[in-house]
Amino acid sequence: MKFFFSSGHGACPGCALPIAVKNVLYALEGKCFVVNPTGCLEIISSQYDRSAWGVPYIHSVFENAAAVAAGIEAALKALGRKDEGHVVVFAGDGATADIGIGCLSGMFDRDHDVLYICLDNEAYQNTGNQQSGLTPPGSNTTTTPVGKLLPGKVGKKKDMVAFALAHGVKYVATASVAYPMDIRRKAKRAVEFEGAKYIQIHCPCVTGWGINSNETVKVAKLAVETALYPLVEYENGELVRVRKIKQRKPVEEYLKVQRRFRHLFKHPKGKEIIEMLQKIADENAKRFGLDE
Amino acid sequence: MKITLGAVSKPYTSLKMKTGDWGTHWPKVDEELCTGCGTCEMFCPDMCIEVVKVGEENGKEIKKAKVNYDYCKGCGICAEVCPTKAIKMELKDIYKVI
């Protein structure tokens with residue numbers, strides 16, 4: 001059991017969550033206490049008597065993963081057992097950016113020694129694609145359905161990296177399942193810091209995004225190559241590393257392979273939204289210096 | 001099945017669930033093209049492809065990818081990421097129309 005996460009879990013074929021989880025656990029050599037709020041990952045891996053985990057694992061409720069992790073960390077400190085492992089939270093984007101944001105803010109504020117990992121699949125995919133704070137604009141979800149007037153989600157994708165940085169979190173990074181070696185390096189680097197750490201991993205969802213099961217890695221790579229999902233790394237509040245892009249692709253290439261964005265190519269407001277997404281990508285490229 | 005206090009599950013009990021019959025396709029590894037680099041192992045979401053030692057040549061280990069068909073869901077990510085295109089997805093016999 002090299003990855004501390006076993007076969008036989010109930011994820012959809014081609015799901016990106018196990019790729020992210022197994023590479024983080026591999027990087028930490030299984031020396032961790034995992035806290036997991038409600039979400040896809042909990043459903044697929046922790047049915048009773050069908051646990052896929054090879055590390056201590058606790059599931060509580062949707063909103064309090066950060067608080068539970070803080071409690072575990074405080075208990076380990078009080079018992080003098082801090083050397084036994086790191087406290088790691090694997091949370092979905094809904095549990096991070098919407099429902100659990102209060103507890104997360106408290107955890108960051110008290111600066112507990114916890115590695116918080118947000119597995120960002122850009123909607124509540126567990127219950128069938130409802131929009132969350134991290135859903136990108138223009139995405140067709142069941143709570144922002146496309147019609148004559150509504151062209152998918154209106155508004156912005158929440159900037160959780162800036163949220164973590166505003167709390168003075170010492171290590172903040174984004175990663176993507178298309179680059180597992182990068183995930184491993186970032187997880188290893190994160191636990192070198194004492195205090196709260198935040199990593200956001202981009203995980204394409206096969207059913208919610210409407211992609212083929214073998215396209216997961218391809219789509220994740222396209223998100224990085226179009227600069228819609230910049231891979232950045234902050235240490236002590238300063239940008240230290242970014243993944244450079246050799247030839248930046250237009251956002252259409254990322255959008256056209258997914259069912260959740262297909263309306264953008266025929267909806268009257270579609271062109272406007274594509275232009276807006278392209279503007280976001282351009283701004284990302286400029287802000288982080290992504291172009292080589 | 002006995003439910004313990006606090007409903008604690010034992011580790012790796014998901015191995016009881018053989019998910020190998022989910023998919024319609026399964027990967028076949030071309031041993032001549034496979035270089036044993038381990039990319040498929042790194043990406044497989046079901047932990048069912050493993051690079052194992054198959055022999056030795058001039059003191060160097062020869063490694064090849066081996067699929068555990070008990071758990072493979074046939075998603076095709078391994079075939080997509082393989083740098084030498086050594087993995088092909090094949091339709092299972094039971095789904096072939098005669």
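Colleague: Quick one to start. Is Arg81(A) buried, exposed or partly exposed?

Modeller: Arg81(A) counts as partly exposed, at 36% relative accessibility. Bear in mind that this is a predicted model.

Colleague: Which residue forms a salt bridge with Arg81(A)?

Modeller: Glu84(A) does. The closest N and O atoms of the pair are 2.9 Å apart. Glu84(A) is also partly exposed, at 38% relative accessibility.

Colleague: How many salt bridges does the search find over all chains?

Modeller: The whole structure has 27. One of them links Lys77(A) and Glu73(A), with the closest N and O atoms 3.8 Å apart.

Colleague: Where do Lys77(A) and Glu73(A) sit?

Modeller: In helix H3 of chain A, residues 65-79. They are 4 residues apart there, so about one helical turn separates them.

Colleague: And why does that spacing matter for direction?

Modeller: An α-helix has 3.6 residues a turn, so residues three or four places apart point the same way.

Colleague: Buried or exposed: which is Lys77(A), and which is Glu73(A)?

Modeller: Lys77(A) is exposed, with a relative accessible area of 52%. Glu73(A) is buried, at 3%.

Colleague: Now helix H7 of chain A. Which residue meets Lys186(A) in a salt bridge?

Modeller: Asp182(A), at 2.9 Å from N to O. Both residues lie in helix H7, 4 residues apart, so they too are separated by about one helical turn.

Colleague: Is Lys186(A) buried or exposed?

Modeller: Lys186(A) is buried, at 2% relative accessibility.

Colleague: In what sense do S1 and S5 of chain A pair, parallel or antiparallel?

Modeller: Parallel, over 4 bridges. S1 covers residues 32-36 and S5 covers residues 86-92.

Colleague: What is the bridge partner of Val34(A) in S5(A)?

Modeller: Val88(A).

Colleague: On to helix H1 of chain A, residues 17-27. How many of its 11 residues are buried?

Modeller: 10 of them, so the helix is mostly covered. The buried ones include Leu17(A), Pro18(A), Ile19(A) and Lys22(A).

Colleague: What follows H1(A)?

Modeller: Glu29(A), with a positive phi near 55°.

Colleague: Let's do the chain A and chain B interface. What area is buried there?

Modeller: About 2900 Å², with carbon and sulfur atoms giving 60% of that. Chain A puts 36 residues into the contact and chain B puts in 33.

Colleague: How many salt bridges cross the interface?

Modeller: The rule finds 2. One pair to look at is Lys16(B) with Asp49(A), whose side chains meet at 2.9 Å, N to O.

Colleague: And how many residue pairs are in polar contact across the interface?

Modeller: 21, counting pairs with both residues at pLDDT 80 or more.

Colleague: Which elements of chain A each supply at least two residues to the side that touches chain B?

Modeller: H1, strand S3 (50-51), helix H7 (180-190) and helix H9 (216-225). H1(A) gives the most, with 4 residues.

Colleague: Last topic, Pro45(B). Where is its place?

Modeller: In the loop between helix H1 (39-43) and strand S2 (49-57) of chain B.

Colleague: Is Pro45(B) buried or exposed?

Modeller: Buried, with a relative accessible area of 1%.

Colleague: Which residues does Pro45(B) touch, leaving out those up to four places away in sequence?

Modeller: From chain A, His9(A), Gly14(A), Cys15(A), Pro18(A) and Ile19(A). From chain B, Cys75(B) and Ile77(B). Pro18(A) and Ile19(A) are among the buried residues of H1(A).

Colleague: What separates the C-alpha atoms of Pro45(B) and Cys78(B)?

Modeller: 9.4 Å, for residues 33 apart along the chain.

Definitions and conventions
Residues numbered from 1 in each chain as written. Chains lettered and ligands numbered in written order. Predicted model: local features only at pLDDT ≥ 70, side-chain atom pairs only at ≥ 80, totals over all residues. Heavy atoms only, no water. Pairing = 2+ DSSP bridges. Buried < 20%, exposed > 50% of the residue type's maximum accessible area, 1.4 Å probe, protein only. Contact = heavy atoms within 4.5 Å. Buried area = accessible area lost by both parts, 1.4 Å probe. Salt bridge = Lys/Arg side-chain N within 4 Å of Asp/Glu carboxyl O. Polar contact = N/O pair within 3.5 Å; in protein donor to acceptor, adjacent residues only side chain to side chain.
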